[in-house]
Amino acid sequence: MQIQIMGPVRVMRAEREIRVGGARERAVLASLVLDANRVVSVDRLIGAVWGGEPPASARSQVAICVSRLRRALSVVGLDKAIGTASPGYLIRLEENAADWLRFGSLTARAAAKAAAGDRLAAVALLREALGLWRGMPFENLPGMRVEAHRLHEARLDAVETCAELELQLGRHDRIVAELSAVVAEQPLRERARAQLMLAQYRSGRRAEALRTYQDARRVLVEQIGLEPGPELRELHERILRDAPALSPSPVPLSLPVAPASTIPSQLPRQPVPFAGRGQELRALDEALADHPDAPGTMVLCGPGDVGKTALALRWAHQRAERFPHGQLFADLRDPSGRPVPTSAVLDRFLHALGVAPQSVPGDLAEKVALYRSTVARKRLLVVLDDAVDVAQVLPLLPGCSDCRVLVTSRDPLSDLVVRQGARRSVLGPLPPGESRELLALLLGEDWVDRQSRDAVRIAGMAGGNPVLLRRAAAGLNSPAPPVLRVQSPTVSA
């Protein structure tokens, strides 16, 4: 069984199509699959079905669509795949159950192979991913135009990445027809046009390559009033003078790289048990939502040991599946409390992303540019813990809209909020109820009930500080009598 959305929306069982309903049901199903294993709000589903003018009964009609989808999917054993979760619904699917999920997995694996120097394997994976494309997606679903554009962009990115690898392998003759179709479909896409020009030139079709450039210049001037970009202009000049560098050179099929994984999972273990912070977790969900209008960067600020790191790691671990390209983590202070140089953090990030150490430039600006290029179009989470100031954070911010950044700091980092549009949440001590909840998790509900006066006294002396509460609980569990001293703690939380 497979749900297909990279073309007409349909559910296939072997060679037989399972009917799932009309346009509304298909729009809801496609929206859920696009963000499979993540909650899709009812408002987004309403937008997918009706666009900008939903009826007053839209919410109840979405519920009816979901009910019909559940009945239809029960035929293939997926009656429980669609679950209800505030503020909407989610569909739980394995990778092979939907072509879009398979596409994402194949392109991610191709990126890892390419970074490891195995271009042949990367091309094979990308060709398999592109083979999943079956035509115009969401053609009769007017509320899905933005989502259709998202699929088109993913496909074009894969085509261009594959063409780049083919050019590196000297297989320029294989991609001329494919790139010609892309350029005809997307005449303003300069990267594909540059690849086509180079493939044509290397295939002995110099005049066609020059005509491709002239077509690009005409289209760009007529449609947006701009000359071609520097890459196209430089390539045009090099073709005119038959620059020797344009000729394909032998490229080894494998190159040495750093042994690090290109899909990093750097999150430390989250402190357990964890209690409370429900409002703050909801604020994180809102600020770091998988939505183009979400801020994308969240600053958790507050005094030392108030629980900023614990909260950040709690959210990051709970939402890790939202970031299929990995999670980066950096403690921005060394053990003595001094700021860690940004350049050193970038070195570690680039190494974790599969960039070989010898390929990392020494200049900070070039390092930042390489970092942002490496994470471009990836759905990646970056957690920057205990930031000293805005200057330390800015170079570590990805430049793409798909990445999300979570920063903890004792400083409010106001410039990050004002200039970068980051959202900020000021973290205070745990309220009495949440302090009691943490004690119950640490010492057991029975102990807190039996020793309620001691529990209240400990919570009051700790003042809502989770580190002091953990110390008190550890003391009660040790052979020596507990001593709770309210002082400035030094252990991070």
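Mentor: Contact here means heavy atoms within 4.5 Å. This is a predicted model, in which local features need pLDDT of at least 70 and side-chain atom pairs count only at pLDDT 80 or more, whereas totals for chains, interfaces and linings use all residues. Residues are numbered from 1 along each chain as its sequence is written, and side-chain values use heavy atoms, with hydrogens and water left out.

A salt bridge is a side-chain nitrogen of Lys or Arg within 4 Å of a carboxyl oxygen of Asp or Glu, and a search of the whole structure finds 26 of them. One of these joins Arg38 to Asp35, with 2.8 Å between the closest N and O atoms. For burial, a residue is called buried under 20% relative accessible area, exposed over 50%, and partly exposed in between (1.4 Å probe, protein chains only). By that rule Arg38 is buried at 10%, and Asp35 is buried at 2%.

A second pair is Arg155 with Glu185, whose side chains meet in a salt bridge at 3.6 Å, N to O. This pair links distant parts of the chain, since Arg155 belongs to helix H6 (residues 145-168) and Glu185 to helix H7 (residues 176-185), 30 residues apart. Helices (H or I, at least four residues) and strands (E, at least two) are DSSP runs, numbered from the N terminus. Arg155 is buried, with a relative accessible area of 18%, whereas Glu185 is partly exposed at 36%.

Asp386 and Arg333 make a further salt bridge, the closest N and O atoms lying 3.1 Å apart. Asp386 lies in strand S9 (residues 381-387) and Arg333 in the loop between strand S8 (327-331) and helix H13 (342-352), so the pair ties together parts that are 53 residues apart in sequence. Both ends are covered: Asp386 counts as buried at 14% relative accessibility, and Arg333 counts as buried at 19%. Elsewhere, salt bridges link Glu153, Asp157, Glu160, Arg189 and Arg191 in a network.

Ser41 is buried, its relative accessible area being 19%, and once its neighbours within four places in sequence are left aside, Ser41 is in contact with Pro87 and Gly88.

Now to the strand you asked about. Strand S7 (residues 297-301) is mostly covered, because five of its five residues are buried under the cut-off already given. Two strands are said to pair if DSSP finds at least two bridges between them. With strand S10 (residues 404-409), S7 pairs in the parallel sense over five bridges, and the bridge partner of Cys301 in S10 is Ser409. Strand S11 (residues 423-426) also runs parallel to S7, to which it is joined by four bridges, and in S11 Ser425 stands opposite Leu300.
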